[in-house]
Amino acid sequence: MKKNLYKKIYKLERIYRKIMLVFIDLFLIFISIKLCFWITQETNDFETFSNFLWIRNSLLILSIPFYILSGHYRSLTRYFGSEYFYSLALRNILLISLTLSIGFFINFEIPDIKNIIVLYFLITIFISFSRILLRDLVISLQKETKKRTSNVVIYGAGKAGALLAMSLRMQSESNILFFVDDNPKLQGGFINGVPIYNPGRIKINSEKISKVLIAIPSISRKACREIFIFINSLNISVLKVPSIEDITLNNKRIQDLRPLDIEDLLGRESVKPNKDFLGPGIKNLNICITGAGGSIGSEIVTQLIRLKPKNIILIDNSEFNLYKISKKLSANNSVKTTPLLGDVCNENFLNYVFSNYKIDLLFHVAAYKHVPLVEFNPIQGIRNNVFSTLELCKFSLKYNIKKVMLVSTDKAVRPTNVMGASKRLAENIFQAFDQRSREIEKEKNIKSTKFSMVRFGNVLGSSGSVIPLFEKQISEGGPITITHPEIIRYFMTIEEASQLVLQASQLSKGGELFLLDMNKPIKILDLAKQMLLLKGLTLKSTSNPEGDIEIKYVGLREGEKLYEELLIDAKASKTLHPLIFKAEEKFIPYEILIKDLILMKSKILKYDTKAVFKLLQKLVPEWQTKKIETK
């Protein structure tokens, strides 16, 4: 019956629904006038009441045209809220003032102020109450038509929780059982009639609950992890509202719920950017990014767009990656972007880029970074990582680019693989060119290019991260493969990594190696277990043979080590950002380095792997290679 009633109401033309509201309002105004005089004076005195019949008639005649002209019937009853109430209160003040003004000019008897005040409040309250009843009726009827309504609990009884509850109620897709909050002062209270309990109530009612919605935008990752583990143990799914940053910067709404991701469960708080180091050094500049279509490069581009540069030159040798980032940026017309498909090892290509685009700031992100693949293809790995860096430094110095930033890796510290050794040599190139740039400044008394580096650990979700591999293995039913149970790594989010690069570019004065305070490293084994937890799966082991996914240890790969470091000399000093540090490490002088690089390039062209390795060992003496042989 309710379902049929709901359908009949919504099949009505909008004009007919408005007519229904008009008759409701006329009836309520009439009742308000009668009740007003009953409250404030002797209603049995017909003569007294008849003296003010003009008010009743005037209000009934004027109210509807006035309400129509002032937009009273434009609001949807289903979304009745405080704003509608305030608008109605103001309209009624104007409506009664207009009525009294007409009576004054026509010389009608004006009632006492107490009558006017009571009449105003009665009309406003009755009409508001009617809208609340109609709103709740519509929502109730709509719920009856839904095939499935999930029972949810909102974790967080603050402003975000209240807004989420209001949104869910409007959508009529969820039945809110109760709120929970850790704050004892809130427990025992109500939000729009929904009770607030201690979080322990979730366990008591776990069989009734479909989902728990975490409505705390500013929640720390540590707290989020603890809540998730508790709720997940009860086999209840968990969603959370967007973060404050997502709401303010990405135009997300409080009701845009999402599942928790691996960043939420790592327990490490992300490092917030200092806005003083973003923007001023970026706005209206021409900025070039190599490897712009990669995971880190594309995120740097996303961050840059918000800072309003003049032009972003996107360079990538992958047609597909360049297409993806170009398509993503096509919707944003506020900043000019120039996609260039090319190889940054190619001198002719670089000469074209630097001569045609007045580059102010260059971010060198392009690199081969998959350790096993570069280990198997060392010549290509060294050629790309080392000589792209050399050529970019040469042209940056020639065209006097203001600043050049190299994105490096913790694998460059006492490297045990070719990829790490090639990135350490790239760092050496930057340091040597910064030395050469300082010499030019002294010789010619001009400002020259500043070369700086940023070194960080593993980036969650990047193409070189272990997470995509684990996700694939889990989706295929396992097993998850880990090289060693004790292997640990530093982790940071792509957003953190990109913001670190941008902030470091503003802190740069030349020659520095910037580092982020990465806190404690994380065991890869723990990471795998957290990912299983996110999927609602259990670890299959000797103690739990009925588990879902097994973990297998396959042994360290060639060139892989148990732990990574961020510093070679273990010395770092503070910067203006409390969580960004800088280090100045030993490097090879420019003149010596260039000679050896010219020789290495000739050996690379001949694919003389043994000679290339010997030169790499000379230039990166800390490279911990077991043997040097032809691959």
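This is a predicted model: local features need pLDDT of at least 70, side-chain atom pairs count only at pLDDT 80 or more; totals for chains, interfaces and linings use all residues.

Q: What does K211 stand opposite in β6?

A: In β6, K211 stands opposite S237. Further along, L213 has L239 of β6 as its bridge partner. Four bridges join β5 to β6 (residues 237–240), again running parallel.

Q: What order do the strands of that sheet come in?

A: It is an open sheet of seven strands in the order β3-β4-β2-β1-β5-β6-β7, with mixed pairing. At the edges stand β3 (190–191) and β7 (258–259), each with a single partner strand, so one side of each has no neighbour in the sheet.

Q: What actually holds strands together in a sheet?

A: Strands of a sheet pair through backbone hydrogen bonds, in a parallel or antiparallel way.

Q: Now the sheet with nine strands: what is its order?

A: This open sheet runs β10-β9-β8-β11-β12-β13-β18-β23-β22, with mixed pairing. Its edge strands are β10 and β22 (573–574), and each of them pairs on one side only. Inside the sheet, β8 (residues 286–290) pairs with β11 in the parallel sense over four bridges.

Q: Let's change topic. How many helices and strands are there in the chain?

A: The protein chain has 22 helices and 23 strands. Of its 631 residues, 49% count as buried. Buried means under 20% relative accessible area, exposed means over 50%, and partly exposed lies in between (1.4 Å probe, protein chains only).

Q: Which residues of α14 are buried?

A: In α14 (residues 347–356), the buried residues include F349, L350, V353 and F354. They are on the same side of α14, because they cover an arc of only 120° around the axis. That arc is taken from the directions from the helix axis to the C-beta atoms.

Q: And what covers them?

A: The cover includes β9 (311–316), β10 (336–341), β11 (361–364) and α16 (378–398). At the start of α14, a side-chain oxygen of N346 also comes to within 2.9 Å of the backbone nitrogen of N348.

Q: Which residues touch the most other members in the largest nonpolar core?

A: F354, from α14, is on that list, along with I382, L425, F433, L597 and M600, in a core of 55 residues. The largest share of this core, ten residues, comes from α17 (residues 418–444). A nonpolar core is a set of buried Ala, Val, Leu, Ile, Met, Phe, Trp, Tyr and Cys residues joined through side-chain atoms within 4.5 Å. There is also a second, separate core of 34 residues, which includes I287, I312, I325 and F514.

Q: What is F433 in contact with?

A: Leaving aside neighbours within four places in sequence, F433 is in contact with L390, C393, K394, L397, F451, Y590 and I594. Contact means heavy atoms within 4.5 Å.

Q: How about α18: which residues are buried there?

A: I467, F470, Q473 and I474 are buried in α18 (residues 466–475). They line one face of the helix, because seen down the axis they fall within an arc of 125°. Just after α18, G477 takes a positive phi of about 90°.

Q: Is I524 buried or exposed?

A: I524 is buried, with a relative accessible area of 8%. I524 belongs to α20 (residues 524–534), and among the residues it touches are F470 and I482. I524 and V466 are 58 residues apart in sequence, yet 8.6 Å apart in space, C-alpha to C-alpha.

Q: Last one: how many disulfides are there?

A: A search of the whole structure finds zero disulfides, a disulfide being a pair of cysteine sulfur atoms within 2.5 Å.

Definitions and conventions: Residues are numbered from 1 along each chain as its sequence is written. Side-chain values use heavy atoms; hydrogens and water are left out. Helices (H or I, at least four residues) and strands (E, at least two) are DSSP runs, numbered from the N terminus. A polar contact is a pair of N or O atoms within 3.5 Å; within protein, one must be able to donate a hydrogen and the other to accept it, and residues adjacent in sequence count only if both atoms are side-chain atoms. Two strands pair if DSSP finds at least two bridges between them.
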